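Subject: Handing over a structure

Dear colleague,

I am passing on to you the structure below, together with its sequence, and I would be grateful if you read the notes that follow with the structure open beside them.

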Amino acid sequence: MKNVRYALRQIIPLLFSYLFVGIASGLLLHKAGYSPVWAFLSAFLIYAGSMQIVMVTLMTSGVPLAMIAVMTLFINARHIFYGISFIDEFRSVGRGKGQGWKYAYMALTLTDETYSVLCALRVPQGLDRQRIEFTILLFCHLLWVFSCTLGAVLGQMLPVDMTGIDFSATALFVAVVVNQWQAARSHLPAIIGLISAVAFYFLLGPNGMILPALSMSVIALVLLKDRIPTQSLEVNHD
Amino acid sequence: MTDTLQTAAIIGVIALMTWVTRGLPYLLFSRKSPPPAVTYLGAALPSAIMVILVVYCLRNTAWTVAPYGAAELISVAVVALMQIWRKNSLLSIFTGTACYMILIRTAFPMA
């Protein structure tokens with residue numbers, strides 16, 4: 001019980017951000033004409049805020065599934081690097097008999113936010129670190145599913161004009177860019193991203209820009225590898 | 001019905017690919033540490049991706065007719081300044097979104 005209480009206290013900093021962004025993404029889905037069932041399913045299965053917001057755009061744009069798969073890989077590629085820090089930790093949680101599912105569950109529920117909470121976790125003596133980690137991941141997941149579904153349900157109940165709420169996605173990304181800019185040892189990656197995005201916006205128009213811009217950035221980053229000092233994983237999270 | 005299938009397929013594909021990105025390190029690097037090229041891209045790529053996403057979000061802004069994307073530009077600036085000032089993402093997102101929703105109803109009403 002002590003462990004659970006400690007875990008819940010660690011979640012407080014992201015309580016409001018999960019509630020707010022979750023509700024916003026539920027509202028977005030509702031505005032695009034989808035029922036709360038889809039908000040629940042996507043929150044439960046995908047559980048990635050920025051991806052769920054991009055998803056709404058993809059659903060209404062007629063982008064082919066293969067392209068959606070590639071885009072998801074690109075947008076969520078950062079998750080690959082979160083997992084690296086927790087391989088041994090999560091594996092030891094799943095070592096006990098019948099505990100293997102916990103290993104998989106923890107690996108699949110590591111998000112931007114939960115990653116940063118687990119990285120900052122300094123468990124006092126006498127408490128069970130692994131149980132606390134599992135509890136944090138579980139409750140964050142439940143909270144996210146709750147707020148996304150709530151947003152979609154609220155959208156149905158409230159007849160208010162929510163035009164412009166989709167700007168919260170832009171705002172989320174701008175806030176992350178500011179965080180990354182301030183933490184980065186080199187600003188070249190951000191500048192490369194900006195140049196390729198703007199270039200392909202003018203070359204290919206608003207709907208054809210994203211994949212070429214992402215590919216161009218990867219190529220440019222590889223070519224400029226020697227000029228970009230890499231930062232540690234600790235400042236990489238957003 | 002096709003709409004339902006289409007929606008389920010999109011959610012399924014995105015979920016599956018998200019699981020791939022989350023599960024990959026456990027499958028690949030459980031025994032050895034990741035190669036330097038992977039670590040490098042892991043550190044450098046997110047900053048580029050996020051800037052691209054910002055531009056992508058603003059892609060449907062009408063830059064060439066009055067008010068020339070003023071509501072978007074002002075609200076983006078509000079988010080950035082709030083984030084620099086208070087370093088609270090929730091507050092920045094909330095203030096910026098509120099600013100945008102007010103601007104498109106008052107100063108720059110959409111046609």
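Contact, as the word is used here, means heavy atoms within 4.5 Å. Please bear in mind throughout that this is a predicted model. In chain A, residues 24 or more positions apart account for 78% of the contacts with a separation of 6 or more.

To begin with the fold, chain A has 12 helices and zero strands, and of its 238 residues 51% count as buried. The accessible surface of chain A comes to about 10800 Å², with 66% of that belonging to carbon and sulfur atoms.

Turning to the interface, the contact between the chains draws 83 residues from chain A and 65 residues from chain B, and the area buried between chain A and chain B is about 7000 Å², of which 78% is given by carbon and sulfur atoms. Trp38(A), Leu108(A) and Phe167(A) supply 9% of the area that chain A buries against chain B, which is more than any other three residues. Helix α10 (residues 167-183) of chain A contributes 15 residues, the largest share of the side of chain A that touches chain B. Between the two chains the count is zero salt bridges, whereas 11 residue pairs are in polar contact, both residues being at pLDDT 80 or more.

With best wishes

Technical notes. Residues are numbered from 1 along each chain as its sequence is written. Chains are lettered from A and ligands numbered from 1 in the order in which they are written. This is a predicted model: local features need pLDDT of at least 70, side-chain atom pairs count only at pLDDT 80 or more; totals for chains, interfaces and linings use all residues. Side-chain values use heavy atoms; hydrogens and water are left out. Buried area is the accessible area (1.4 Å probe) that two parts lose on being put together, summed over both. A salt bridge is a side-chain nitrogen of Lys or Arg within 4 Å of a carboxyl oxygen of Asp or Glu. A polar contact is a pair of N or O atoms within 3.5 Å; within protein, one must be able to donate a hydrogen and the other to accept it, and residues adjacent in sequence count only if both atoms are side-chain atoms. Helices (H or I, at least four residues) and strands (E, at least two) are DSSP runs, numbered from the N terminus. Buried means under 20% relative accessible area, exposed over 50%, partly exposed in between (1.4 Å probe, protein chains only). Accessible areas come from the Shrake-Rupley method with a 1.4 Å probe; for residues, only the protein chains shown count as cover.
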